[in-house]
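Biologist: Please take a close look at one part of this model, the sheet, and explain it in plain terms.

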Amino acid sequence: EMTERGIRKNVIIFGAAMSCMEKSCRADIAFQLMDRMKIEGVSPNVHIYNSAISACARCNLWEKGLELFNEMERVGVVRDVVTYNAVLDAVSSQVQLARRLFQEGVERGFYAQVSRLGTQWLELDLHFLSLGGGEIALGWWFEECLVPYLGNHEKLAAVKSIDIVTGYGKTRMRGARQGDDGMRKRVRAMLRYMNVREIEQPNKGRIHIDKEALTSEVEKNGGRIVFDADGYRRFRTEETTANAMPNVVQVRRSRWG
C-alpha cells in the first residue's frame with residue numbers, strides 16, 4: 001500500500017514488517033520483503049537479518065537460515081547475540097553444526113555467562129537463549145563443561161547444588177510457542193532422555209538437579225552422561241513446534257480503511 005501511494009520506505013519500516021512476518025511464521029513474505037529492499041535501494045541491517053533467520057527457525061527452514069547467517073559476513077553486516085540465538089534456533093536439529101556455531105558464539109563472548117562453575121555449585125543459565133540455543137547449550141554443558149566433575153568423584157561429591165536457569169514469565173516471552181512449547185519443557189525432556197532426575201521446587205524458572213541420582217548415573221556410565229538422541233528427536237517431532245510449520249491464522253484488514 002505504501003508503494004502504491006508513493007511513500008518512501010526506510011530500513012525501520014521494513015524492519016517492522018519483517019518482525020510481523022517472523023511472528024506470523026511467514027518466512028516466504030519475509031524473503032519477499034528483503035528482495036523489495038534491494039529493489040528500493042534500502043540496505044538490510046542486523047535487525048532485518050535477525051528477523052529473517054528467526055522466521056526460518058519458526059518455519060523449519062534451517063538451510064535458508066544458515067544461508068542468511070553466512071550472507072551477513074559477505075555483505076559486512078556484523079552479527080550480534082540475537083543473530084546467534086536465531087541461527088541456533090534454526091539449525092538446532094543439525095547438532096554438530098549447531099554445536100560449532102554455539103562454540104563460535106562462546107568465543108565471541110556472547111555466551112560467556114552461560115556456564116558458571118564453582119567448587120560447590122554448578123549453574124547453566126539459559127534464560128536469554130532461544131529454544132534451539134538452549135538445547136544445544138544443555139548438551140554442550142553436560143558433555144564439555146561438566147566433564148571434570150562427572151569423571152572425578154571427589155569433585156562431584158563437593159558440589160552442593162546443580163541448577164539450570166530456564167527463565168519464566170517475562171524473561172521467556174520472546175520464545176513463546178504454540179502448545180506450551182518453551183525452554184522449561186524442552187530442558188526437562190532432554191534431562192529425561194539423559195536419565196538425569198530433577199528435584200521438584202517452587203521456582204518455575206529454575207530446574208534443580210538431583211545430585212545423588214546424577215552421581216549414580218555417571219558412575220554407571222563410566223564417568224559420563226549418555227543422551228538418547230533418537231528418543232529426544234521423536235519428542236521434538238511429536239510434542240514441540242520444532243519440526244512443524246505452525247498453523248497461524250492470518251487476518252487481513254480492508255484496504256484504504
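**The sheet and its surroundings**

Modeller: Buried residues make up 46% of the 257 residues in the chain; buried means under 20% relative accessible area, exposed over 50% and partly exposed in between, with a 1.4 Å probe and protein chains only. This is a predicted model, in which local features need pLDDT of at least 70 and side-chain atom pairs count only at pLDDT 80 or more, while totals for chains, interfaces and linings use all residues. Residues are numbered from 1 along each chain as its sequence is written, and side-chain values use heavy atoms, without hydrogens and water. The chain averages a pLDDT of 87, where pLDDT is the predictor's confidence in each residue, from 0 to 100.

The five strands form an open, mixed sheet in the order E1-E2-E3-E5-E4. Two strands pair if DSSP finds at least two bridges between them. Strands E1 (115-117) and E4 (198-199) stand at the edges, each with a single partner strand, so one side of each has no neighbour in the sheet.

Further in, E2 (residues 121-125) and E3 (residues 161-165) run parallel and pair over five bridges. Leu-124 has Ile-164 in E3 as its bridge partner. Helix H11 (residues 183-193) packs on the sheet and touches E3, E4 and E5 (206-209); contact means heavy atoms within 4.5 Å. The direction of H11 makes about 15° with that of E5, using lines fitted to C-alpha atoms, for helices over the stretch in contact, and angles from 0 to 180 degrees between N-to-C directions.

Key
Helices (H or I, at least four residues) and strands (E, at least two) are DSSP runs, numbered from the N terminus.
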